[in-house]
Structure formats: C-alpha cells, structure tokens
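Subject: Structure handover

Hello,

I am passing on a structure for your work. Please look through it alongside the notes below.

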Amino acid sequence: MKVQYEARNAARLSAAFKPAGAIILGLALLLTAVFGGYGFLPPRVAEAANNGLALKPLMGWSSYSMQVYSGNGAWITAAQIKAQSDAMHQKLQSHGYEYINVDAGWNGGLDGYGRPVPSTTLYPNGLTDVINYVHANGQKFGLYFIPGLSPQAYDADLPIYGAPGCSMQDIAVQPLTTADYWGLDYKINFGNACAQKYIDSIADLIDSWGVDFVKFDSVTPGSGHNDTSIDARGDVAAWSQALSSRGIWFEISWALDHNYVDYWKQYANGWRVDWDVECYCVNTALTSWPNIARLFPDAAVWWRDAGPGGWNDFDSLNVGNGAMDGLTQDERQTAMSLWAMSSAQLYTGNDLTNLDAFGLSLLTNDEVIAVNQAGRPAHPVSTASNQQVWYANNGDGTYTVGLFNLGSSAATVTVNWNDIGLNGAAAVRDLWSHNDLGSFNAGYSSVNLPPHASRLLKVTASGGSVTANDDDTGVKYTGSWQRSYNRGLGDYQDDVHFTQANNDSFEYTFQGTGIDLITEKSPDQGNVDIYLDNVLKGTVSTYNSVRQLQQTVYSVSGLTNGTHTLKAVKKSGSYMLLDKLRFFVASPVAVNDTDPGISYSGAWSLNSARGFGDYQDDVHFTQTNNDFVQYTFNGTGIDLVTEKDSAQGDVDIYIDNVFKQTVNIYSPSRLVQQTVYSIMGLTSGTHTIKAVKKSGTYMLIDQFKIKSPRIQYNDTDAGIVYTGSWSLNGNRGFGDYNNDVHFTQTNNDSLQFAFTGTGVELITEKDASQGNVDIYIDNVLQATVNTASTTRQVNQVVYQATGLTSGSHTLKAVKKSGTYMLLDSIRVTP
C-alpha cells in the first residue's frame with residue numbers, strides 16, 4: 001500500500017504546534033501497513049521490561065530530524081544510512097553509540113500477507129543489504145511502525161502468514177474504527193487469536209531481516225489523544241509479546257499519557273514523554289530552545305518511572321551540528337546535560353558526517369555518558385523558579401548534580417547539601433571540564449550562570465551519612481507498593497511508599513559501612529523481617545500505639561566498606577511503610593606521594609613547601625618519558641590525584657598490569673589536587689596501579705585516594721566508650737565525618753574502642769587549640785601524637801597502627817595537653 005508521507009507529517013505538524021508558514025514535508029512513502037489496538041487487555045505473559053533488553057538507555061542515531069530538516073526522503077536511502085553508519089563507527093561508536101534507527105517512509109507497500117515490504121527505490125539492493133552493512137560496522141538496526149491494519153489489506157482480505165484460516169477481515173474491529181492519530185489504519189480486534197498471529201508474522205519477517213529495534217508511533221492514550229477514544233494498548237501488548245521473544249527492542253511514541261505509565265512500563269523498553277523535538281524549520285534548524293525547555297517539567301513527572309528494562313525517551317538529542325541545531329552552545333550543553341542526568345535514550349538526530357568540534361566534544365564526553373548509562377534519573381529539588389537544582393543519589397556516596405539557569409538573564413544557582421540528602425562536606429567535580437573544583441562544607445554555587453546555561457557536577461561525600469528518600473530510583477520494590485505524597489504529617493520530603501500485602505518487600509543496594517531504615521510507626525503497622533546481604537538479621541516491630549514519624553527501626557554499623565544490600569519484608573500489620581534510608585560512607589584513604597609504599601622508577605625528585613595547595617604541600621616529579629610510579633593497595637578502587645598545568649602531558653595508566661587508558665594532565669593554567677584517573681568496582685583485595693609518563697615536560701604525583709575495605713566508625717558509635725567530661729558537637733559545617741565530633745577540655749579524659757582487625761586509625765581535626773594525645777594499643781603505650789596545627793585541618797589521621805595480629809584489640813587515646821581533644825572517627829582494617 002502507498003500513502004503519502006506528507007499525510008502523517010502534516011498531522012504531526014499540527015500536533016506539534018507547527019509555526020505559521022512552515023513547509024509541509026513530502027517524503028516518499030509512509031508505512032501504514034500496520035496495525036491498531038483494541039481495548040484495555042489483561043497483562044500478557046511477555047513483559048518488555050523483563051526481556052533482558054534495555055538494561056541501560058539506548059545510544060545511537062535516528063533519521064527523523066534530518067528527514068524533517070531537509071524536507072525530502074534523501075535521508076533514508078541506502079547510501080545515506082551507510083554514510084551515517086560509517087560516521088558513527090568512526091566518531092561515536094567507541095563511546096557506546098550503536099543503534100542506527102530509520103524512521104517513517106522506508107516501505108514500498110505490502111506483500112501478499114499484509115506485511116510491509118521495503119521500498120525498492122530507496123533500497124535497490126534490498127533493505128537487508130543495508131542492515132547487513134550496519135551490522136558489519138558492529139551496530140544495530142531499527143525500523144518504524146504504527147498501530148492498526150492497512151485498509152488495502154482489509155479490502156483484499158489478505159491471508160495471515162502461518163495462520164491457516166485467518167485473514168484480515170477476521171481481525172478488524174467492527175464497525176471499522178481508526179487505529180492511529182492520523183486515521184490511516186483500522187483498529188485490530190485482539191480478542192481474535194488470529195490478530196496475535198498477524199503481529200507475530202510481521203515480527204518474524206523483520207527478525208529475519210536482522211532488525212534489532214522497533215519504534216512504534218502514534219501510541220494512544222497519548223499522541224494527541226489522552227483518552228481512550230483511540231486506544232493502542234492492545235497493539236502495544238501484542239507487539240511487545242512478538243518482539244520480546246525475538247530479542248527486539250520495543251520503543252513506543254509519542255507524548256504518551258502518564259496516567260498509563262504502568263502499562264507502558266510493563267510492555268515497552270522506552271516511551272516518548274513529549275511531542276517531537278524538531279521545530280519543523282525546514283533547511284533552517286533542527287530544533288529550538290523552547291522544545292528543549294519544555295522537557296524539564298516532563299522529566300520532573302516521569303523520572304521515577306525509568307530504570308533497567310525501560311527508559312524515558314526525550315526524542316533526538318540534536319546538539320552536534322552547530323548552527324544547524326538551532327541552539328546556542330550553552331543550550332546545546334544544557335540539553336546534553338538534561339538527557340544524561342535523566343538517563344534518557346541517548347540518540348542524536350544530527351548529520352553524523354558533519355559534526356562540529358563542540359558537538360563532538362558534547363557527544364563523546366565519557367564522564368557525561370557514564371552519568372546517562374548509570375541509569376539513575378535525576379529529579380529537581382524544586383521547579384518553583386527558573387534557577388533549578390537537579391540531582392541523583394548514586395548509592396555510593398556520590399551524587400550527580402545539575403545546576404540549570406532556565407531564565408533569560410544571568411543568575412546564580414546554588415545547591416545546598418542538605419537539600420539533596422548529603423550530610424557533611426563533599427568534593428565537587430565539573431564533568432564537562434574534567435576538573436575538580438575543591439571541597440565544600442555546605443553546598444556549591446555557580447555564580448552568574450548565563451541564560452539557558454548549566455553546570456553538570458559529580459559531588460562526592462567526604463564521609464558521613466547519605467540519605468535516600470523512599471522514591472529514590474535505587475530502591476527496588478517488589479509487590480503492590482504505592483507512593484503516598486503531600487501527606488503533611490512530617491515525613492522526609494513529605495512522602496512514603498506503602499504496601500498492605502504480606503511478603504511484599506523492598507531492597508536497596510549501597511556502598512558503605514552501615515545503614516539505617518527510617519519509617520513511620522503507627523497502630524496499623526506490624527513486623528518486618530530485615531535481611532542484610534541475603535542473611536536474615538531479625539524481625540523488627542513498626543507498631544506503636546500513636547503515630548511517630550521518622551523513626552529508626554533498624555540500624556547496622558561496622559560493615560566492611562563495600563557493597564551491601566538491605567532487604568525488608570512485610571510480615572504482619574495492615575501496612576508497611578518506607579520513609580527514607582540513611583547509609584554511611586567511609587572517607588577515602590589518602591596516601592601522600594611520600595608514602596614508603598609508593599615505588600618510583602626513574603629520575604624522580606621530591607618538591608616540597610611549594611605553597612600551591614597540594615596535598616601535604618609536596619609532589620614527586622620527573623621530566624623523563626617512560627619513568628613510572630607504582631603503588632600496591634588493598635581496596636576496591638583508587639584515584640590518582642595530581643596537579644594539572646601547561647607543562648604536563650599524557651600518562652598511561654595500568655591496573656594489575658593491564659593497560660586501562662591514556663590520561664591527559666595538561667591544563668593552560670595550574671590546577672591542584674585534580675583527579676586525573678579513577679577506578680571503582682575492583683574485587684576486594686590487593687591491586688596495583690602503575691602510571692607511566694608519555695609526554696609533556698613534567699609528570700607529577702600528589703596523592704592516591706583508596707576506596708578501602710576499612711570500616712569507618714563515627715564518633716557517635718555505641719562501641720566507643722568515653723571516660724570523663726566529653727560532649728558532642730554536631731552540624732559544625734567544617735567537613736568532619738558525618739558533620740560532628742566529640743570533644744573534651746579535661747586532661748586525662750580518654751576514649752576506648754574495642755575492634756577486631758589487623759589495623760586501626762584515629763581520625764580527628766587538628767587546630768591551634770589542640771595538643772598532645774597518648775595512644776595505647778592493648779594497654780601498651782605506642783606513641784604521643786601532636787594534634788596541634790596553626791590552621792584547622794579536618795579528617796586527619798593522627799595515629800595509625802598496621803600489621804596487628806588478626807583478632808581482637810583495644811585502642812585507647814588520652815588527652816595530655818592543649819585546650820581541646822577531639823574525636824571525629826575511627827577506621828579499622830579487617
């Protein structure tokens with residue numbers, strides 16, 4: 001069947017609020033040989049979210065933006081698709097981009113079974129020739145479909161392939177009803193078993209061609225019909241069943257109705273949340289700022305719904321072609337930041353053969369891509385103004401934070417740590433510049449951020465506690481949980497999740513040394529079983545005769561610093577609620593460049609008392625290429641921290657003798673304490689990092705930061721016994737671990753801590769009012785340490801014991817001089 005593409009496009013122009021005078025496009029042939037839905041059907045066995053696909057957001061390219069821009073069908077010819085595939089292979093593929101998706105207009109009619117056949121004009125050697133070419137480039141191939149049954153197939157009453165006795169008129173809803181936004185096709189009656197066989201026959205056909213992805217357009221409720229007057233949910237379920245069993249990604253479109261989000265999540269791997277991003281400015285621009293800005297309120301609504309198995313789709317990210325994009329550089333970077341933070345499908349609609357340098361830098365920034373692929377959608381602190389803070393808690397003591405100025409004039413945008421659940425000081429890194437900005441006690445401000453500009457930051461807790469709300473995307477609910485919000489009762493962020501079904505549960509995986517489960521207690525709640533790392537720890541009661549808010553019903557500390565999972569299962573009572581979780585992260589272990597465990601090979605020298613702000617005011621340096629530094633550590637990750645400046649160049653990094661990457665430590669101006677390489681997720685145990693100078697006048701080493709299995713205990717831990725007149729000082733704002741210390745002013749006051757392990761560190765503040773402390777291990781005096789400093793220094797290791805026999809030991813510290821003695825934390829090596 002042949003229907004003009006302009007029919008579909010004209011309808012979409014209207015739906016997308018086409019500007020007056022925009023040109024209606026006329027691209028060859030519209031694929032209308034498909035396929036409508038009928039009714040709200042019961043859930044089917046096949047669920048797209050459970051088909052093993054879409055574990056991460058899709059990355060790739062889509063043809064539609066360039067189809068709209070050019071106003072003709074040249075962008076989906078065999079030659080053009082191959083050219084885009086080659087450009088992706090050369091420029092983007094090493095960064096994770098892999099899908100080549102062809103939008104509307106690819107087909108040339110129907111076969112004798114009502115199935116679409118590719119255009120021989122566009123693909124003279126067949127579409128499979130193009131698909132094979134894309135596959136040979138190591139990529140995946142996508143095609144476009146819409147709901148319903150072709151009127152031509154119905155009029156001819158064509159048979160259904162592989163389904164003897166089934167034909168088109170058997171499966172059409174009577175009386176004949178439209179199936180899509182444009183009124184092109186007839187609705188299918190999925191109450192007839194032949195209907196599923198028809199969809200299966202199409203899925204088998206495109207599977208035999210090698211199709212990896214299907215975009216299914218004009219899905220309703222949505223697509224301009226946010227009601228059930230046109231209802232494609234039956235089509236969605238049928239296509240999901242057909243494609244899921246064949247391993248084909250299923251993406252539904254467009255402007256879907258959020259009221260039906262549970263249905264979309266059940267059957268699809270992705271869903272478009274708004275109208276087309278294109279501005280329909282033929283030969284002028286791909287998109288415009290208003291089409292980007294309108295996605296912020298969409299993201300604020302849909303963020304909770306995305307996760308492994310299905311993701312929010314913001315449409316094409318058109319930031320790569322410069323002036324053709326229709327956006328300023330600030331707006332292009334803001335769009336990329338929003339897509340990345342939202343874990344939105346990361347596909348561009350740009351001409352990949354014509355990317356400008358700035359666009360290529362946006363699309364290939366691996367730190368920003370990692371944010372997208374981590375799959376933790378961000379949400380706003382507030383949308384009450386145009387100066388917005390968006391954030392995602394990554395579950396490991398880090399946050400992704402976006403500062404956005406959506407206004408029309410420059411403004412300062414500030415993130416306060418308390419607003420995002422971060423308690424204590426944190427280090428800030430700019431993901432676009434790859435520069436560490438320093439440590440900040442209470443928050444961070446971007447001053448005079450230009451209009452429509454943004455900052456994308458990685459914020460890392462320096463130690464202490466991190467709060468995850470009940471709607472955090474890291475919380476995985478099993479069963480019939482619901483969210484209750486705007487309760488006005490005093491819950492954290494004014495919401496809870498709840499269930500009424502026994503044996504419903506939630507799980508939360510975090511990286512740290514302890515966790516608190518905090519919820520409401522009330523007369524209608526009962527017992528909850530608690531598991532840690534799949535081991536039952538006990539049953540806690542959440543019953544209380546009167547309502548009590550934000551109650552800690554389970555707490556554990558002293559865990560090995562690493563990945564753990566808390567699980568809670570409802571056992572009794574009318575309700576089980578979750579309000580928030582608070583977990584504790586250890587400070588990284590700092591190793592100065594002078595540490596005797598660091599091995600330098602070559603002509604290295606020590607430069608101290610530099611006065612530039614290096615860690616402990618010194619660095620090691622070499623001027624000789626192929627000189628290297630090596631350090632063996634016990635942990636699950638490590639950061640290499642050094643200075644960047646104009647005299648430095650490339651360094652090769654090896655972990656456990658395996659080359660990882662070449663990092664560039666050049667900067668036009670001096671930047672101190674920069675994390676130039678970071679790795680996490682190593683198996684717990686001993687590893688070696690090696691860094692080799694490759695270019696530049698100098699290579700410098702300032703420090704290493706180890707993600708250690710050591711256990712960090714806050715000064716408030718119940719295992720610490722204080723003798724004398726000690727007091728707690730909280731919310732100090734100086735950057736202490738968990739933002740507090742214990743202190744005493746009386747000489748001979750002491751603290752004592754019994755631990756099991758092979759080493760221990762005493763961590764405290766140093767300043768001018770402090771003095772000497774006697775340290776005992778197992779009642780034997782080991783040293784007198786001086787905790788005085790002319791300036792305040794927090795999180796300082798003032799005593800360390802290593803190589804203890806594995807077993808039980810006791811640390812004791814006694815104040816001997818100075819106005820104060822403080823304790824911040826104690827860290828134990830298992």
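This is a predicted model: local features need pLDDT of at least 70, side-chain atom pairs count only at pLDDT 80 or more; totals for chains, interfaces and linings use all residues.

Residues are numbered from 1 along each chain as its sequence is written, and side-chain values use heavy atoms, with hydrogens and water left out.

Overall form

The protein has 14 helices and 57 strands; these are DSSP runs numbered from the N terminus, with helices being H or I of at least four residues and strands being E of at least two. Its radius of gyration is 30 Å, close to the 28 Å from the globule rule for 830 residues, so the protein is as compact as a globular protein of that length. That radius is taken over C-alpha atoms, and the rule is 2.2 Å times the number of residues to the power 0.38. The C-alpha trace spans about 100 × 70 × 50 Å along its principal axes. Of the 830 residues, 58% are buried (under 20% relative accessible area; exposed is over 50% and partly exposed in between, with a 1.4 Å probe and protein chains only).

Annotated span

An unreviewed UniProt entry lists residues 386–459 as "domain: Alpha galactosidase C-terminal". UniProt positions are in the numbering used here, feature names are shortened, and annotations may be inferred rather than shown by experiment. In the model this span is 0% helix and 64% strand, and its end C-alpha atoms lie 22 Å apart.

Salt bridges

The whole structure contains 33 salt bridges, each defined as a side-chain nitrogen of Lys or Arg within 4 Å of a carboxyl oxygen of Asp or Glu.

Asp204 pairs with Arg246, with 2.7 Å between the closest N and O atoms. Asp204 sits in helix 7 (residues 193–209) and Arg246 in the loop between helix 8 (233–244) and strand 9 (249–252), so the bridge ties together parts 42 residues apart in sequence. Asp204 is partly exposed at 42%, and Arg246 is also partly exposed, at 21%.

Asp495 and Arg483 form a salt bridge at 3.1 Å, N to O. Asp495 belongs to strand 25 (residues 495–499) and Arg483 to strand 24 (residues 482–485), so this pair joins parts that are twelve residues apart in sequence. Asp495 is buried at 1% relative accessibility, whereas Arg483 is partly exposed at 27%.

A network of salt bridges links Arg610, Asp614, Glu643, Asp645 and Arg670.

The pocket and its salt bridge

The second largest pocket holds about 1,200 Å³ of space. A pocket here is an open set of points on a 1 Å grid over the protein atoms alone, where a 1.4 Å probe fits, with protein on both sides within 12 Å along at least five of seven lines; lining residues have an atom within 4 Å of a point. The volume is the space filled by probe spheres set on the points, which are joined across faces, edges and corners.

Of the 31 lining residues, Asp262, Lys265, Arg304, Asp305 and Tyr477 are the closest to the centre. Helix 9 gives the largest share of the lining, four residues. The lining has ten nonpolar, eleven polar and ten charged residues (charged being Asp, Glu, Lys and Arg; nonpolar being Ala, Val, Leu, Ile, Met, Phe, Trp, Tyr, Cys and Pro; polar being the others, Gly among them).

Lys265 and Asp305 form a salt bridge at 3.9 Å, N to O. Lys265 is partly exposed at 28%, while Asp305 is buried at 11%.

Regards
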